[in-house]
Amino acid sequence: HLIANAPHMPVHLGSMGESIQTVIRKNAGRMAQGDVYVLNDPYQGGTHLPDITVITPVYVADEASPTFYVGSRGHHADVGGITPGSMPPFSTRIEEEGVQIDNFKLVDRGVLRGQEMVELLQSGEYPSRNPHQNLADLKAQIAANEKGVQELRKMVAQFGLPVVQAYMGHVQDNAEESVRRVITRLRNGQFTLPLDNGAQIRVAVTVDTAGRSAVIDFSGTSAQQTNNFNAPRAVCMAAVLYVFRTLVDDDIPLNAGCLKPLKVIIPQGCMLNPNAPASVVAGNVETSTCITNALFGALGVMAGSQPTMNNFTFGNARHQYYETIAGGSGAGAVLDAEGRVERGFNGTSVVQTHMTNSRLTDPEVLEFRFPVMLDSYAIREGSGGSGRWHGGSGGVRRVRFLEAMTASILSNGRLNPAFGMAGGQPGQPGINRVLRADGQVEALEHIGAVQMQPGDVFEVCTPGGGGYGTAA
């Protein structure tokens, strides 16, 4: 179970526990020192196919079985699929999104199985476009894990194994107690959040104050979709873990102890717990963000932040690129035990919200490595919702193409904006469009793929956050 992780990408890291448990289960009694495993299968603990997880068992002294596990997860620029960048807007089955990797042994007793890995990446209906780049990135993940192995062994050498294991238990117990204290201040609530594709996420939070526990019930959420907005169960659990961690003021690492006071009900076959081979590429990015907003809505503590990550990809046979684009966060309030507002806060403009936290590539690097020019990136003034506390503004990003490429947008919040709360107003919805070199303007829906020609500009206006409270 998750002890601690780097607080960078909540949707990646909060769901890694299930990946590691898959590797433990499938390799029981067969692991050896120097082994490293890799997977990305959303139905075996992964999130979506570009997110590849590398897991290394940690052996201490002469133990016959692993004492700990370390893992790293990275979003790879391309793992195949029907569009460059492996974020296809219109995929309907998992095979169209790239190469599936389920519990592949990447390093066998210290020997890298590089050729076998490349062959796997070149297999399937829609293979990776640049498998040697994937392998280079996987080597970096192996190295990151090795650093973790070394640090764990140093810790054990300094304090002794019993002390380290005891304190790992204390870390989880402290997180559990922190969440239980928060639960006593919460009230029952429910919320339904509509998506641009017609689906909805419904969640009800039922608080047991005496037991200091809560039930999070997603019954009523739309059934599994034919589009790719399905989110694997691990993603939904990551969103729940994240939300309840944010309610804790104490400085604690995100870990599995936060989930112990919570019973989470996710009906099998709904879009948050789909059956294979449902497509899932938007579930990790778009749906996870919507789950988070719905939970904050049910808890009544925060207006909606941009309900999207604005996934922008472009590429051809030589280049593949992917980025998420920041928008406005929601305003909110801290409530006392009686549900009264103790203090409020405004949203933040052009910030990565909730389940994403990725940085954009520096403009100089972007333009050096790819045949594009960043025309502008600016605050979308006034796009945040008004209220006693106002939502943050979104942004406007314009990328000019210098070479013919396919560009894709996978987004939400173009029809249904970030909601306001307690009398606050919603933020403005996002806009996707192409400004052609000949002056024509081509509007796109919340998902779309277009052929870009030299001189064309792809413009993304990201949503603003919702406001909180009635304006004076």
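How many helices and strands does the secondary structure of the protein come to? It comes to eight helices and 20 strands, where helices (H or I, at least four residues) and strands (E, at least two) are DSSP runs, numbered from the N terminus. The model is a predicted one, in which local features need pLDDT of at least 70 and side-chain atom pairs count only at pLDDT 80 or more, while totals for chains, interfaces and linings use all residues. Residues are numbered from 1 along each chain as its sequence is written, and side-chain values use heavy atoms, with hydrogens and water left out.

## Overall form

Taken along the principal axes, the box filled by the C-alpha atoms is roughly 65 × 60 × 40 Å. Of the 472 residues, 56% count as buried, a class that means under 20% relative accessible area, with exposed meaning over 50% and partly exposed lying in between (1.4 Å probe, protein chains only).

Among the contacts with a separation of 6 or more, 70% are accounted for by residues 24 or more positions apart, a contact meaning heavy atoms within 4.5 Å. The accessible surface comes to about 18800 Å², and 51% of that area belongs to carbon and sulfur atoms; the areas come from the Shrake-Rupley method with a 1.4 Å probe, and for residues only the protein chains shown count as cover.

## Charges and salt bridges

The protein has 36 positive and 43 negative side chains, and the centres of the two sets lie 4 Å apart. Here Lys and Arg count as positive and Asp and Glu as negative, whereas His and the chain ends are not counted, and the place of a charge is taken as NZ of Lys, CZ of Arg, CG of Asp or CD of Glu. Side chains of opposite charge can pair when their charged atoms come close. The structure holds 22 salt bridges, each being a side-chain nitrogen of Lys or Arg within 4 Å of a carboxyl oxygen of Asp or Glu. The table gives examples.

| Salt bridge | Closest N and O atoms |
|---|---|
| Arg 93 with Glu 125 | 2.9 Å apart |
| Lys 147 with Glu 151 | 3.2 Å apart |
| Arg 185 with Glu 342 | 3.6 Å apart |

Arg 93 forms a salt bridge with Glu 125. Arg 93 lies in the loop between β3 (68–75) and β4 (104–108) and Glu 125 in the loop between α3 (114–121) and α4 (131–159), so the pair ties together parts that are 32 residues apart in sequence. Arg 93 is partly exposed, with a relative accessible area of 29%, and Glu 125 is likewise partly exposed, at 47%.

Lys 147 and Glu 151 both lie in helix α4, four residues apart, which is about one turn of the helix. Lys 147 counts as partly exposed at 48% relative accessibility, and Glu 151 counts as partly exposed at 32%.

Arg 185 forms a salt bridge with Glu 342, and this pair links distant parts of the chain, with Arg 185 in the loop between α5 (161–183) and β6 (189–194) and Glu 342 in strand β13 (residues 341–345), 157 residues apart. Arg 185 is partly exposed, with a relative accessible area of 40%, and Glu 342 is partly exposed, with 46%. Elsewhere, salt bridges that share partners join Arg 93, Glu 95, Glu 96 and Glu 125 into one network.

## Buried sites

His 76, found in the loop between β3 and β4, counts as buried at 2% relative accessibility. Not counting residues up to four places away in sequence, His 76 touches Pro 50, Ile 52, Asn 134, Asp 137, Leu 138 and Gln 141. Pro 463, in the segment after β20 (457–461), is buried at 0% relative accessibility, and its C-alpha atom is separated by 5.7 Å from that of Gly 327, 136 residues apart along the chain.

## Backbone geometry

Most residues other than glycine have a negative phi, and most peptide bonds are trans. A cis peptide bond, with omega about 5°, joins Ala 276 and Pro 277, and Pro 277 is found in the loop between β9 (262–265) and α7 (283–299). Arg 212, although not a glycine, has a positive phi of about 50°; Arg 212 lies in the loop between β7 (200–208) and β8 (213–217) and is partly exposed, with a relative accessible area of 26%. Asn 310 has a positive phi near 55°, lies in the loop between α7 and β10 (311–315), and counts as buried at 0% relative accessibility.
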